[in-house]
Structures are given as C-alpha cells and as structure tokens.
There are 2 protein chains.
Amino acid sequence: MNDDIPAKTLPRLDESLLSHLPPFSRLDRRQIRAILDQATSRRYAAGVAIFDEGAPAERFYMLLDGYVRVVRITSAGEQVTSLHIPAGQLLGIARALGRDTYPATAVTATESIALSWSMQLWSSFTAQYDGFATESYKTIGDRLGEMNTRIVELATQQVEQRVANALLRLINQTGRKVSKGIEIDFPITRQDLSELTATTLHTVSRLLSAWEKRGLVISKRKRIIVSDPHALVLLSEGQH
Amino acid sequence: MNDDIPAKTLPRLDESLLSHLPPFSRLDRRQIRAILDQATSRRYAAGVAIFDEGAPAERFYMLLDGYVRVVRITSAGEQVTSLHIPAGQLLGIARALGRDTYPATAVTATESIALSWSMQLWSSFTAQYDGFATESYKTIGDRLGEMNTRIVELATQQVEQRVANALLRLINQTGRKVSKGIEIDFPITRQDLSELTATTLHTVSRLLSAWEKRGLVISKRKRIIVSDPHALVLLSEGQH
DNA sequence: GACAAACTTTGTTTCAGCGCAAACTCGGAA
DNA sequence: TTCCGAGTTTGCGCTGAAACAAAGTTTGTC
C-alpha cells in the first residue's frame, strides 16, 4: 500500500512552492522558510491512501501536485466519494474542527506530492501566521458548501443530471483545455464517476456512450473530454 | 412572515441561560454578562424563517429554546432539509467560515427563542473569549460529519433505511421519553420527514403505517412516538 | 506476442418507489 | 355545530435505474 520513495526526497524546498497558495499568501519569505523547514515532503503513487478514516489525526497536509479523492466506506463495503481535492489545498485538517481522528479516507487519484506537518504545529500555525486560519476555514466553508450541494443533488436530481453535474464540476475544478474540448486532468474510471454520483458503473457507461454519440463528450479509458459543456449544462437542468 | 413580538422582550437576561452551553461554558459571570448585554433576544413563531439563504450574514444566533430546520430550496422549488438544530446551539455562523451570506435558510420547527448578535462582534468574541472559537468550530465539525453521513446514506441506502435512520437521529437529538416510548419533541409532518430523507410524503406515510401495524411506532398527526427503537435500528441496517 | 488484469460496453430482467388520483380525518375557526 | 383546510392514508400503474449476465477492449507484463 505504501510508497517506496522515502520522505524528504527533495533536498530543499523552494519558497515559491507555497508563496502563492492562499493559506500562505500573506506571509513573508522568512515565515514560509520556517514553515517549509518543518515540513515533510512525500510522493504518493496513484491510488494509495494518504490517511485513513478513523485513524488518529497526526498530521495535516498541503497537496502540492496531483489530485486526491476523499472517500468514505460504508459498512456494506461500498465507497462513496464526498470530495475531490486539487493541488494547492490543505487536507486532513480535522483538527481545525476539534476532531482527533480523520473523518474520511484520502486516496490519491494520480501520482501526487504533498507536504505534511505534525498536527501539533496546527495551533502554532494558526496563532503565528496571519491569514492561515482564515483561509483554512474558508476552505472548509467551501467544502461544506459543496457537500450541501451534493446533498441537494442526491435528494432531487435524476442520475443523468447528477452525472452531468459531476462532470461539469470536475472540468471546472480540474479541467485542462485540449483541442477538442476540456479534459478532466486526471484518470477517472466509470467506477469512480459512479461513486461520485451514487449510481452504478453500468449506468455511467451507458450515459457516456449516449453522450458520445450525440457529440457532447469524447471518452477513452480513464479519460474524459467534454466537448460541449453547454449541452451538459442543459442536461444537468433536466432538459433532454 | 415575521413575528409581532418586538425584540428585547425579556427585561434582563439571566446569566444562567448561557453559562452551561458549550461555547460559553469556560467563561465567568462577568464575561457572560457582557455578552448578554450585547445580545438581542427574540421569539419566533413556528414555521418562520430566522434568516434566508443568500441574504447578507448580518447576525449570528444562539437558539435558546425550540428547534430549527436548516433547509435549501432548489431551483425547481423543492425543499431539502440538511440539518436539524436543537436548542443550545449556535446558528448562522457563516462568518466563521469566511462567508458573507447565509448558505441556507433557517426555519423554526416550533415556536423558538433565540439570542442574536451583530456579526461584527464575531471576531471580538472569538478573540476575547476562551473556548468560544474552539467550541464553535467543533459544532461545525459535527455538522460536517452529519452532512457526510447524510451523503453516504442518500448514496447507498434504500428509502426504508433512510427514514428509519432519520427517525433514530431525531429521537437521539430531540427525543423526549413518554410512557409508550420516545417521542419526537416537535411537530413533524410526513412532508417534513420526506424532505429530510429525499422521498415523497406518500412513501413516508406508507412506511409509518406499516411500522405502526408492526408496533414499532405510534403516530398521530404531526407527532411521532418510537416505541421500539431497536427494531428501527435493524431496519436501518437493511433487515426486514 | 501471449496472457492477465483492469476497464468498458451492451443486453435483459426486475422492482422499489414515484406520480397521479381520490378519499378520509383531525383540529381549529367562525 | 358546522365548515374548511391542512395533514394523512391508500390504491394503482408506470418507469428509471439497479441487478444480473456476458462479451469486448485496452494496457501492462513476462
């Protein structure tokens, strides 16, 4: 499960890694240097767990590169993805909400690089570094909003609309422009998409096939390009 | 929509109102006095909105008595209840997450009483009062966990299980012991319950009727008593 | 270049729960 | 006391999407 490349691979981390990221953007070079010097850097292969639901929340992370899926596993063994986290965001910040275990599992969707700090540093970070707490809570606020949206979607929308919405959200958050449209920037299977939309991989496959015939998307294995986002928006609103 | 009883009805608020509530429990009498003197107290009739989704977050609230439903309304006009808030909790604390509008509408389920403060006081409260911020964030953490649970439920469970779970959660949070079992402490219609479980009032009605025949619940209009919680737990796990 | 594993597609069957419709009941207002 | 509206119950038909099943395709590995 774990990775073969040891921690602290990168000899010395550059300040520019963090200086433009919201939680750190108000800090000066010296402060960022201090933060980096306390950080552990680590590479994760695709598909490995950075931390597990229920485990003691010992470290918090800043995802520098890659994508992470936040998943929960039901007692019946089904997986439900509750969030996607792109590079540049904090994760595992349970402590900010007074928890001492991680509330969900974080799995890399691609090969990823993350910095991490001991959770004991959390309170000194929030105390010392201006804007760090505020920005962290903003991130949590955004995630809360996103979860709220997912609840409403699950509660009121048809499968087709949910899948269309999920696709739109993914290209918004992590889309990359390519010649034929906008591509989701990391490998994503029908299974992943079904876990994100609370349906089965079969149904997702059928939908994507239908959409491909109508020219809305182009999909190869693990890759999806949205060529007509506007049409997807219509679908997400329930039009056919 | 609004209420006829003016603010500041209660001549002078007693410190004991707040002293045992988590966000204030670590404070001394003098501090609580100061907080109370800045508060506005107001009574709300059942079924009125304390604040509306999207409105500027001008005040934050402490619910002293009653119950509040946090709802969102979809573009199609359907309501989805995302949380129930019992007395003793803060609400409308959008600001803690860096938002300047309320992310959802708060509607009273019963006649309720709440204190409120101008949102401008938020930062001074968190700065001055020990434990206030921590406890507030803990509340948010709990709500996040609850929402997460709802997502997983919506994603993986059958209607019957979801309704059973909702009922169990309600009696846990707001149950009152009566001779024949545990009663939900505020009026709740089939419609409310259907909005909480993402189904129709018809289905909820059928389920409750069936359960009543089997002796698991007793229900009159707007009132539900759970007489066999354990059987409901089994149902919520998928047994029949 | 063959094999296995992972991922995807497509067909068929089944049924939970929704939509629609109608009737019933309770509790308060007048 | 009657009336009315809000809340509830129940029946029935329909359908979206899950379950089941099986075959096809891509990719990496030895």
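How do the residues of the surface near DNA strand D divide into nonpolar, polar and charged? They divide into three nonpolar, eleven polar and six charged, where Ala, Val, Leu, Ile, Met, Phe, Trp, Tyr, Cys and Pro count as nonpolar, Asp, Glu, Lys and Arg as charged, and the others, Gly among them, as polar.

## About the model

This is a predicted model, in which local features need pLDDT of at least 70 and side-chain atom pairs count only at pLDDT 80 or more, while totals for chains, interfaces and linings use all residues. Residues are numbered from 1 along each chain as its sequence is written, and chains are lettered from A and ligands numbered from 1 in the order in which they are written.

## Around the DNA strands

Let us stay with DNA strand D. It is surrounded by 20 residues, the closest being A:Q158, A:T203, B:T189, B:S205 and B:S209; a residue is near a strand if its C-beta atom, placed from the backbone, lies within 6 Å of it. At least two residues each come from α5 (159-174) and α7 of chain A and from α6 (190-197) and α7 (201-213) of chain B. Helices here are DSSP runs of H or I with at least four residues, strands are runs of E with at least two, and both are numbered from the N terminus. With six residues, α7(B) gives the largest share of this surface.

DNA strand C has 21 residues around it, and A:T189, A:S209, B:Q158, B:V159 and B:T203 come nearest. Here α6 and α7 of chain A and α5 (159-174) and α7 of chain B each supply at least two residues, and the largest share, six residues, comes from α7(A). By class, the surface near DNA strand C has three nonpolar, eleven polar and seven charged residues.

Two packed helices are described by the angle between their axes and the distance between the axes. In chain A, α6 (residues 190-197) and α7 (residues 201-213) pack at about 105° with axes 8 Å apart; axes are lines fitted to C-alpha atoms, for helices over the stretch in contact, and angles run from 0 to 180 degrees between N-to-C directions. The two helices are therefore roughly perpendicular, a label for angles of 65 to 115 degrees, with under 35 counting as roughly parallel, over 145 as roughly antiparallel and the rest as oblique. A:R190, A:Q191, A:L193 and A:S194 of α6(A) make the contact with A:L201, A:V204 and A:S205 of α7(A), where contact means C-beta atoms, placed from the backbone, within 7 Å.

In chain B, the axes of α6(B) and α7(B) come within 8 Å and cross at roughly 105°, which makes these helices roughly perpendicular. B:R190, B:Q191, B:L193 and B:S194 in α6(B) meet B:L201, B:T203, B:V204 and B:S205 in α7(B).

## Where the chains meet

Chain B and chain A each put 28 residues into their contact. On the side of chain B, β5 (79-86) and α4 (132-156) are the elements that give two or more residues, and α4(B) has the largest share with 15 residues. By class, this side of chain B has 15 nonpolar, eight polar and five charged residues.

## A loop residue

A:R26 is found in the loop between α1 (16-19) and α2 (29-37) of chain A. Leaving aside neighbours within four places in sequence, A:R26 is in contact with A:D130 and A:G131. A:R26 and A:D130 lie 104 residues apart in sequence and 6.8 Å apart in space, C-alpha to C-alpha.

Technical notes: Two residues are in contact if their C-beta atoms, placed from the backbone, lie within 7 Å.
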